[in-house]
Structure formats: structure tokens, C-alpha cells
Amino acid sequence: MTDLFELHGRTALVTGSTRGIGRALAEGLAAAGCGVVIHGRNAAQASAVASELHDRSGIPTTGASFDVADADAVAAGVARIEAELGAIDVLVNNAGIQRRSALADFPVEWWDEVIATNLTGAFLVAQAVARGMVQRGQGKIVNIGSVQSLLGRPGITPYAASKGGVVMLTKGLCADLAPHGIQVNAIAPGYFITDLTESLAADAQFDAWVRQRTPAGRWGSVDELVGALRFLSSDASNFVNGQTIYVDGGMTAVV
Ligand code: NDP
């Protein structure tokens with residue numbers, strides 16, 4: 001019987017994979033035999049991470065850099081990847097940012113920046129990559145949401161709005177793309193220590209809150225997101241579409 005989770009010979013673009021969750025997701029796909037494009041805004045960093053991963057795994061990897069919030073840069077960047085590597089079989093829309101402020105002082109520029117990166121960026125890259133997927137009649141798109149797709153928190157309203165949007169972006173893309181044999185799903189992580197959250201993890205009060213609020217009693221390890229991604233990137237999920245899987249140690253399951 002064929003392995004439903006087989007990824008050998010496929011190519012994935014993981015946006016924002018120069019570090020943190022994206023890097024762990026890219027490494028997890030490479031460990032399953034999938035070629036990966038390491039991406040971020042910093043071209044040198046993307047190339048360095050790609051060649052380090054290639055040396056370690058022997059899997060085809062390459063670096064790519066473009067700002068996901070810049071429509072022209074996205075179109076050119078995706079076209080360059082396809083010209084160099086051929087089809088993008090799996091897109092992981094992971095690039096994201098966070099801005100924190102008391103509501104009264106929240107600069108509108110930060111609102112724009114968060115929505116442009118986390119929501120518009122995911123739309124733009126999906127739109128660009130979907131063109132080839134539609135032609136081939138297959139493809140997998142996995143958007144990275146957050147527990148804030150479902151739960152509000154003080155001081156991060158634009159982030160929560162952007163991540164709530166990712167859930168409906170996923171459903172909208174499913175409606176557009178499912179008829180073409182493409183699956184679009186989302187993974188919503190709980191709390192994981194990365195550059196994005198390291199200042200929170202260093203705050204004893206916040207750290208205690210995460211441990212108390214998460215039924216598993218701890219922060220997640222970025223490797224713990226890989227299983228859901230392999231499922232959603234492979235034939236194992238061919239009839240799963242428009243869904244969001246919360247990988248959060250139970251946080252969104254309990255009050
Ligand atoms: P990091 O800050 O560690 O990494 C973010 C990545 O995104 C980097 O590779 C960064 O590269 C890239 N990036 C940021 N902005 C852009 C942009 N405009 N264009 C292209 N690339 C960009 O974050 P995490 O790994 O923690 O987060 C990854 C995703 O997971 C985000 O969507 C985040 O919202 C989500 N998430 C994280 C959680 C956590 O606990 N850490 C919890 C829930 C969700 P560069 O700066 O070089 O462009």
C-alpha cells in the first residue's frame with residue numbers, strides 16, 4: 001500500500017522559514033523527503049538556511065526573498081521560484097508579525113503592517129501559487145493561523161483580527177480552489193517560544209499564564225507542529241478542505 005503521507009519528489013514553499021515556526025515546518029517537510037524553498041525578506045539569511053538544510057538532509061532546497069505584503073514582489077518571487085524549480089506543490093503561508101500596544105495608543109501604521117503581512121500577504125502568495133496549481137489540477141495550501149484566530153487578548157487587536165481573517169481566508173480559498181483539486185487548510189498554533197514570543201516567555205507573569213491556561217501545562221515545541229503539516233501537505237488529507245487544526249495543547253478546547 002502506498003504511504004499516504006509520502007512527500008518525496010514534491011516541492012514546498014514555506015514563507016517566513018528563515019527562523020522560528022517556519023524553519024521548523026520547512027525542516028519537517030524536508031525530513032519527509034519534500035524539497036523546500038526557504039523564504040524571508042533577508043535574501044542572505046534565506047540562502048544560508050537553505051544551504052545548511054541541504055548539506056544536512058541532501059534534500060533539494062533553495063532560498064527566496066520577497067516581502068509577502070508587496071503584490072508585485074510576490075508575483076515576481078513566485079514566478080522566479082517556478083522558473084528555477086518547477087511546480088510548487090505545497091504552499092505554507094507562515095510569514096507573520098506581531099505588534100503590541102495599549103489600544104488607545106495603537107498606531108494605525110501598525111494595524112496596516114500586521115494586516116498587510118498576516119492576512120493580505122497570505123492572500124497574495126496563495127493567489128500567485130494557485131495559478132499553477134489550478135493548471136495542474138492539484139496542490140496543497142496550509143495557512144498558519146493562531147489561537148488568536150478564535151480567542152481575543154488585550155493589546156493585540158490587529159493580530160487577532162488578522163488571524164481571525166486567516167480562518168475565513170482558508171474557507172474562501174477552499175471555495176475557490178476545491179473544484180480544481182486543491183486543498184486549503186490552516187494550522188492554528190498555541191504558544192511556542194520563537195523570536196516573536198521570546199519577550200513574553202521571559203516575562204514570568206506571562207509565562208505562568210501560558211502554563212496555567214494551556215491544559216498541557218507548557219509552551220509547545222516548534223517540532224510539534226510538523227505532524228499536522230505533513231498530514232495537510234500529503235495525500236492523507238485529500239478530502240479535508242477549509243479546516244483549521246488547533247495545535248495548542250488544548251488551549252482552545254477549555255475555558
Ligand atoms: P518569527 O518572528 O520567529 O519568524 C517570522 C518569519 O516571517 C521570519 O522568517 C521573517 O523573516 C518572516 N517575515 C516576517 N514578515 C515578513 C514579510 N513581510 N515578508 C516575508 N517574510 C516575512 O515568528 P514565528 O515563527 O513565531 O511565527 C511564524 C508564524 O506563526 C506567524 O504567522 C505567527 O503569527 C504564527 N504564530 C506564532 C505563534 C508563536 O507562539 N510563536 C503562535 C501562533 C501563531 P524576515 O524578518 O527576514 O522577513
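This is a predicted model: local features need pLDDT of at least 70, side-chain atom pairs count only at pLDDT 80 or more; totals for chains, interfaces and linings use all residues.

**Annotated region.** UniProt, in an unreviewed entry, places the feature "domain: Ketoreductase" at residues 10-190. Over these residues the chain is 51% helix and 18% strand, with 28 Å between the end C-alpha atoms.

**Helix pairs.** Two packed helices are described by the angle between their axes and the distance between the axes. The table gives both values for each pair.

| Helix pair | Angle between axes | Axis distance |
|---|---|---|
| H4 (residues 108-136) and H5 (residues 157-177) | about 15 degrees | 9 Å |
| H1 and H2 (residues 43-57) | roughly 30 degrees | within 11 Å |
| H1 and H8 | roughly 60 degrees | within 9 Å |

With an angle of about 15 degrees, H4 and H5 are roughly parallel to each other, and H4 passes H5 in a right-handed crossing. On the H4 side the residues that meet H5 include Trp110, Trp111, Val114, Ile115 and Phe123, while on the H5 side those that meet H4 include Pro158, Tyr159, Val166, Leu169 and Leu173. Sorted by class, this contact of H4 with H5 holds 15 nonpolar, three polar and one charged residues.

For H1 and H2, whose axes cross at roughly 30 degrees, the arrangement is again described as roughly parallel, and the crossing is right-handed. Here Arg23, Glu27, Ala30 and Ala31 of H1 meet Val49, Leu53 and Ser57 of H2, a contact that comprises four nonpolar, one polar and two charged residues.

The axes of H1 and H8 cross at roughly 60 degrees, which makes H1 oblique to H8, and H1 passes H8 in a right-handed crossing. Ala24, Leu25, Gly28 and Leu29 of H1 meet Val226, Leu229, Arg230 and Ser233 of H8, and the residues of this contact divide into five nonpolar, two polar and one charged.

**The surroundings of H8.** Six of the eight residues of H8 (residues 226-233) are buried, so this helix is largely enclosed by the rest of the structure. The buried residues are Val226, Ala228, Leu229, Arg230, Leu232 and Ser233; of these, Val226, Leu229, Arg230 and Ser233 also take part in the contact with H1. Which elements do the buried residues of H8 pack against? They pack against helix H1 (20-31) and against the strands E1 (11-14), E4 (90-93), E5 (139-144), E6 (182-189) and E7 (244-247).

Definitions and conventions: Residues are numbered from 1 along each chain as its sequence is written. A residue is buried if 20 or more other C-beta atoms lie within 10 Å of its own, exposed if 12 or fewer, and partly exposed in between; C-beta atoms are placed from the backbone. Helices (H or I, at least four residues) and strands (E, at least two) are DSSP runs, numbered from the N terminus. Two residues are in contact if their C-beta atoms, placed from the backbone, lie within 7 Å. Axes are lines fitted to C-alpha atoms, for helices over the stretch in contact, and angles run from 0 to 180 degrees between N-to-C directions. Angles under 35 degrees count as roughly parallel, over 145 as roughly antiparallel, 65 to 115 as roughly perpendicular and the rest as oblique. A crossing is left-handed if the near helix is turned anticlockwise from the far one by less than a right angle, and right-handed if clockwise. Ala, Val, Leu, Ile, Met, Phe, Trp, Tyr, Cys and Pro count as nonpolar, Asp, Glu, Lys and Arg as charged, and the others, Gly among them, as polar. UniProt positions are given in the numbering used here, feature names are shortened, and annotations may be inferred rather than shown by experiment.
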